[in-house]
Amino acid sequence: MEDSILELKGIEKSFGSSEVLNGIDLKIKKGEFITFLGSSGCGKTTTLRIIAGLEMPDKGQVILEGRDVTGLEPHERDVNTVFQNYALFPHMNVEANVGYALKLRRMPKPEIKEKVKKILELVQLSGYEKRMPQELSGGQKQRVAIARALVNNPKVLLLDEPLGALDLQLRRAMQLELKKLQKKLGITFLYITHDQEEAINMSDRIVVMNKGVLEQIGTPDEVYNHPMSSYVATFVGNANIVRGKIVQIQGEEALVEISTGKIKVIIDPNREQIGQEITIAVRAENILVCEECKEALPAVILEKSFSGGQLRMVIGLEDGKEIIASRYGIDSHVQIGQKVCVGWKPADAIIVDREEQNDEKETF
Amino acid sequence: MKNRTKLPNIYLAVIMIIMYLPLVFVVVFSFNESKLTAAWTGFSLKWYQTLWHNEGLREALWNSIVLGVLSCGVSAVIGTIGAIGMARVNYKSKGIVEYISTLPIMIPEIILGMVFLAFFSLLNLPFGMTTLVIAHTTFCIPYIFMMVKARLVGIDKSIAEAARDLGATQVRTFFDITLPLIMPAVMSGCLLAFAMSFDDVVISIFVNGPKLNTLPIKIYTQLKTGVTPEINALCTVILITVIFILFITSALGNRGRRTDKGN
C-alpha cells in the first residue's frame, strides 16, 4: 500500500450526455512503467488529463503520494505531461522551452542553464539549446518535449501517445530509449497508446481500457497470454473469438459445440459445467490449418496476404464466420478457395468473458 | 499559348490604371509649381513647405494621431480580451455574439455617426476628443477582434495547457505564452484599425464638436474652397504613411505565420 504513488478512486466523467469514464479504480506503484492501452475514444486521454489536472472528474478522487489532489490546478500538482503533438512553445528556443518550469520556480539563471544542459544530454540533444522548435525534426521535438517534462523531476510523468506522429523505425528506437530513460531515472511513467506492440514492449503493467472502464490490469504476459475478456483478447492478442456450448467434460478437457462443429478446449472443472455457454479466444498464430485433421472445423480459405514476415489468412467457416490465422514464412500450399480444416490445440483456447456475459463488449 | 496569357495581362493593366491613375495624378501635382491643378508648370517643393507651416493642418494631424493611438489602444485591450474569451466558451449563442461584435464595421458609417450624435447629446457628453475616442473605439474593436480570433484558431490549445502543466498559473500562462503568440495579430489589427481611424470623416464629423478638427475633416472642409496643391502634398504624405503602415502589417502577418510552423 505504501509504495503506491498515484491512486485513482472511482473516477467518473462525462462530456455532455456521453459518458467517457465509468468508475476508474487504479493504484500505480512507485517507479512503475504503466501503460493505458485502448482504441481511440476509450477514455485513456481523459484519464490522463484528469491526473494532470487539465480536466475535472465528475466523481472520484486522484491521490498523489497520499494527498488528495483532485481539486488542484495543474500547476499545483507534481506531475508533468508529454503531449501528443509535443506542444512546444513556438516562440521560445529549446533552452527556454526546457527551462520554463525551472524559471517558474525562480531558479537562478546559471542553475537553470546547468540543469537544462544536463537533461538535454540525457535525451541526446546537446548543442541544440539555441534552436527554435520549427527547426527541429519530429523526433527531436519529441525529445525536447520529454526533456521539458522531466526537468522538473515530477513524481509521475504522463505521456500521451508521444510516439504517435513518428515513423515506425524512429518509434521503435524511441521505445527502447524511453524505457531505458525510465529505468535510469526511476520516475513513474504513465504511458498512453493504442499500439499493443508498444505497450507490450515497454510496460511493467498494462491497463486495457474499453468504453470508459478498465477491462484488465496486468503484466504484458498476463494480458497477452491470459486475456480476461474478448475485448482484451482481440485488441491485445489479435485473437479470434468463438462462442459455443460445453457438451462433454473429461477431466480438464471439454468438448465444445459451436455452430459448425465440435472442438476441444481446456477448462477449469470448478467453474465450467456441461450445458454452459462459453466464449473462447484463440490467437491467430495458434490456429492450425490442415487438409485433414480430427476435431477440426471444415472451412475454406478466402484471402491470404503477406506482411511483416507473416502470412495472414482469412478462413471462412461453413456458417460464414471468418477466422484469421497467421504463421511465419510463406506457405505455398495454401490456395485461395482451397477447402481446409481449422482447429487448435486445446491448450491454446482461452476462455474469456467468464463472469459477466456483457453483450456490449466488442465481439467478433 | 501566348495569346492566352496576353488577355489577362491587358485586363490587369487596365484595372490597375483605372485604380491608381488618380493617385499618381495627385502625387505628381503635389510637386507642381503652379497654384492651378490643371497645368504643369514646373517641379517645386513649395507646397510641402507651406503645408509644414500651416498651423491648422498640423494641429489637425496631431489630433488625428492622438485619436488613432487612443482608440487603437482601448480597442486592442477590449478586442483581445473578447477574442480570447470567445475562444474559451462554447455555448449555443456564441455565433450570434461574434456576429454582433463585428457589426460596427458593417453598419453604414453615416448611420453610426448619427447614432453617436444622438446618443452623446442624450448623455450630455461634451463633444470633443472623448466622444471621438468612444466612437472610433467602437469601429476599431472588430478589426482587432477578428484578427486575434483568426490567430487563436491556429494556436494549438495544448501549448497553453503545457505551460500550466509545467507550473504556470493561468495569468502567467497568458503573459508568457498566449500573449506573445497572438501579438502579431494584435499588432496588425491595431495598424488596420489605426488606418481606419486615421481616415475617417463620416463618423468623426458627427461627433468632433465645434473646435476640434481631425486631419480628414480639415482636408474635407478645405476642399470646399477649392483644391490647392497643398492638399495634394498632404495627400501624398498620408498616402506614403498608409502604404508604410500596410507594409508593416503584412510583414507582421508573415512573421506570425512563420512561427505557426513550430507545431
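Predicted model: local features only at pLDDT ≥ 70, side-chain atom pairs only at ≥ 80, totals over all residues.
Phe36(A) stands opposite Val207(A) in strand β9(A). Strand β3 of chain A, residues 33–37, runs parallel to strand β9 of chain A, residues 205–210. Four bridges join the two.

Now widen the view to the sheet. Six strands of chain A build it, in the order β6-β7-β8-β3-β9-β10. The sheet is open, and its pairing is mixed. At its edges lie β6(A) and β10(A), the latter spanning residues 213–218. Each edge strand pairs on one side only. Neighbouring strands are turned by 20° against each other on average, with direction ignored.

Helices pack on this sheet. One is α4 of chain A, residues 138–150, which touches β6(A) and β7(A). The direction of α4(A) makes about 175° with that of β6(A). Another is α8 of chain A, residues 230–237. This helix touches β3, β9 and β10 of chain A. Its direction makes about 115° with that of β9(A).

The chain is divided into domain 1, residues 4–230, and domain 2, residues 238–352. Taken over C-alpha atoms, the domain centres are 39 Å apart. Where the domains meet, five residues of domain 1 are in contact with five residues of domain 2. On the domain 1 side, two of the touching residues are nonpolar, three are polar and none is charged.

Next comes the contact between the chains. Chain A gives 23 residues to it, and chain B gives 18 residues. On the chain B side, helices α7 and α8 each supply at least two residues. The largest share, six residues, comes from α7(B). The chain B side divides into seven nonpolar, six polar and five charged residues.

The buried residues are Ile159(B), Ala160(B), Glu161(B), Ala162(B), Ala163(B), Arg164(B) and Asp165(B). What do they pack against? Their partners come from both chains: α1 (44–52) and β6 (79–82) of chain A, together with α8 (170–198) of chain B. Just after α7(B), Gly167(B) takes a positive phi of about 120°.

Methods
Residues numbered from 1 in each chain as written. Chains lettered and ligands numbered in written order. Buried ≥ 20, exposed ≤ 12 C-beta atoms within 10 Å, placed from the backbone. Contact = placed C-beta atoms within 7 Å. Domains from an automatic or database assignment. Nonpolar A, V, L, I, M, F, W, Y, C, P; charged D, E, K, R; others polar. Pairing = 2+ DSSP bridges. Axes fitted to C-alpha atoms, helices over the stretch in contact; angles between N-to-C directions.
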